[in-house]
Amino acid sequence: MSHGPRSGLAAVSSALLAMSRHLEVRDVLKTITASARELLDAQYAALGVPDDHGGFAQFVVDGVSEEQWKAIGPLPRQHGILAAMLHEARSERLADVRKDPRFEGWPKAHPDLVDFLGLPIRDGDEVIGALFLANKLRPVGGHPPHPPCEKPEGGCGFTADDEELLGILAQHAAIALTNARLYERSRELTIAEERSRLAHELHDAVSQKLFSLRLTAQAAARLVDRDPSRAKGELHQVAVLAAEAADELRAAVVELRPAALDEDGLVATLRTQVQVLDRAHTARVTFACHGVKALPASQEEAVLRVAQEALHNALRHSRADHVDVTLDRRDGGAVLRVTDDGCGFDPQAVRRAGRHLGLVSMRDRASGAGGTLNVESVPGKGTTIEMEVPGG
């Protein structure tokens with residue numbers, strides 16, 4: 001098989017290794033798509049993961065700018081050639097996709113595609129995706145830009161060798177994608193198991209203390225009038241039990257530092273939690289990170305806890321349709337923003353009423369990490385929680 005400057009085992013090995021390095025489904029999809037386009041010298045590449053409703057649950061493109069992609073509009077439906085690849089589980093190699101009888105056109109901003117190579121990605125008998133390339137390129141001196149390749153009259157720029165190579169890539173893509181899905185599923189199960197474990201611990205340790213506290217407080221109330229001295233002793237015991245319960249709760253919370261934070265770091269942990277919340281709630285929850293690599297452990301935990309508290313407030317109280325989480329690099333440190341388009345509130349009124357919505361806790365965490373917390377909210381206009389921490 002000959003494929004220009006990216007030919008040979010080294011190129012194939014590089015593409016397969018790149019796919020195996022990622023465990024998040026979205027990262028795997030993007031790596032597969034970029035590897036396929038580079039390996040086969042195509043101008044465009046795309047990978048779609050079908051849903052059960054005639055559309056795509058996920059759709060990744062490579063070779064199209066962010067501006068172009070936004071202008072194209074909604075994700076494609078499963079029709080025409082895409083449907084053939086998904087439903088009939090066969091490859092497609094076309095000289096001009098526009099002349100195929102199944103071609104149904106594309107949006108105005110869509111790039112012009114000519115020669116086309118597509119393959120289903122299969123896990124056993126199940127088609128879990130479709131990988132396709134368009135506009136074969138001919139390298140000139142090994143440097144881009146590449147003009148369209150010369151091809152025989154009426155023939156496709158993509159060859160049978162290209163199809164064979166893409167088939168190999170699709171087989172490994174199926175393995176990488178399946179592993180990523182299993183990894184994400186295991187992470188969700190781990191979260192569920194951790195919640196169950198904590199519930200048992202809270203029941204065994206804290207609830208017993210609270211039960212004793214309630215009984216002691218009732219005894220003190222009965223003794224206040226007829227035996228003030230004994231009532232005073234009982235109230236002292238109430239204070240002791242309350243302090244013990246608070247210590248138990250604090251210990252449980254400290255133990256809750258996610259293992260994923262130590263293993264994967266802040267960015268990957270926050271992204272996974274946002275994805276879980278997005279699936280669990282009707283509000284759209286998104287995450288974006290720009291330039292943040294790693295922070296000291298104490299700062300990463302503080303940022304994660306503030307993000308969790310802010311997300312909890314937004315999803316439980318704000319009635320928001322969209323909640324956006326961003327993490328940006330600033331002067332060697334990082335800035336976390338959690339923004340929602342919900343009902344908002346008056347921070348001053350909330351403070352006066354003693355209803356802090358976790359704001360005190362968030363400010364304490366920010367301060368403890370050497371950072372600052374800013375809250376902006378207006379009734380009817382949503383809320384933004386911004387936390388900044390310095391670099392390590």
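Me: Helices (H or I, at least four residues) and strands (E, at least two) are DSSP runs, numbered from the N terminus. In which strand is the place of Asn-135?

Reply: This is a predicted model, in which local features need pLDDT of at least 70 and side-chain atom pairs count only at pLDDT 80 or more, while totals for chains, interfaces and linings use all residues. Residues are numbered from 1 along each chain as its sequence is written, and side-chain values use heavy atoms, with hydrogens and water left out. Asn-135 has a positive phi, near 65°, and is a residue other than glycine. Its place is in strand β5.

Me: Does Asn-135 count as buried or exposed?

Reply: Buried means under 20% relative accessible area, exposed over 50%, and partly exposed in between, with a 1.4 Å probe and protein chains only. The relative accessibility of Asn-135 is 9%, so Asn-135 counts as buried.

Me: What is phi of Ala-89, a residue other than glycine?

Reply: Most residues other than glycine have a negative phi. Ala-89 is found in the loop between α4 and β3, and it is partly exposed because its relative accessible area is 23%. Its phi is positive, near 50°.

Me: In what order do the 5 strands form an open sheet?

Reply: Two strands pair if DSSP finds at least two bridges between them. The pairing in this open sheet is antiparallel, and its 5 strands run in the order β2-β1-β5-β4-β3.

Me: Which are the edge strands?

Reply: An edge strand here pairs on one side only. The twist from one strand to the next averages 15°. The edge strands are β2 (56-62) and β3 (92-94).

Me: Over how many bridges do strand β1 and β2 pair?

Reply: Ala-46 has Val-61 in β2 as its bridge partner. Strand β1 covers residues 42-50, and its antiparallel pairing with β2 extends over 6 bridges.

Me: What angle does the direction of helix α2 make with that of β2?

Reply: Contact means heavy atoms within 4.5 Å. Axes are lines fitted to C-alpha atoms, for helices over the stretch in contact, and angles run from 0 to 180 degrees between N-to-C directions. Helix α2 (residues 25-39) packs on the sheet and touches β1, β2 and β5 (126-136). Its direction and that of β2 make an angle of about 40°.

Me: At what angle to β5 does helix α4 run?

Reply: Helix α4 comprises residues 80-88 and lies across β1, β2, β3, β4 (116-123) and β5. Relative to β5, helix α4 runs at about 140°.

Me: Which side chain does a polar contact of 3.1 Å join to that of Asp-162?

Reply: A polar contact is a pair of N or O atoms within 3.5 Å; within protein, one must be able to donate a hydrogen and the other to accept it, and residues adjacent in sequence count only if both atoms are side-chain atoms. Asp-162 is in helix α5 (residues 160-223), and it counts as buried because its relative accessibility is 2%. A polar atom of its side chain also lies 3.0 Å from the backbone nitrogen of Thr-159. The side chain joined to that of Asp-162 at 3.1 Å is that of Lys-136.

Me: Which backbone oxygen does the side chain of Ser-318 reach at 2.4 Å?

Reply: Ser-318 lies in the loop between α8 (297-317) and β7 (322-330), and its 7% relative accessibility is why it counts as buried. A polar atom of its side chain lies 3.2 Å from the backbone nitrogen of Ala-320. The backbone oxygen that the Ser-318 side chain reaches at 2.4 Å belongs to Ala-314.

Me: Which residues does Ser-318 touch, not counting residues up to four places away in sequence?

Reply: Cys-343 is one of the residues touched, and it counts as partly exposed because its relative accessibility is 26%. Leaving out residues up to four places away in sequence, Ser-318 touches Asn-313, Asp-340, Gly-342 and Cys-343.

Me: How many disulfides does the structure hold?

Reply: A disulfide is a pair of cysteine sulfur atoms within 2.5 Å. Cys-289 counts as partly exposed, because its relative accessibility is 24%. The number of disulfides in the structure is 0.

Me: What distance does α8 reach from its first C-alpha to its last?

Reply: The expected span of a helix is 1.5 Å times one less than its number of residues. For α8, with 21 residues, 30 Å is expected. Arg-319, with a positive phi near 55°, follows α8. From its first C-alpha to its last, α8 reaches 30 Å.
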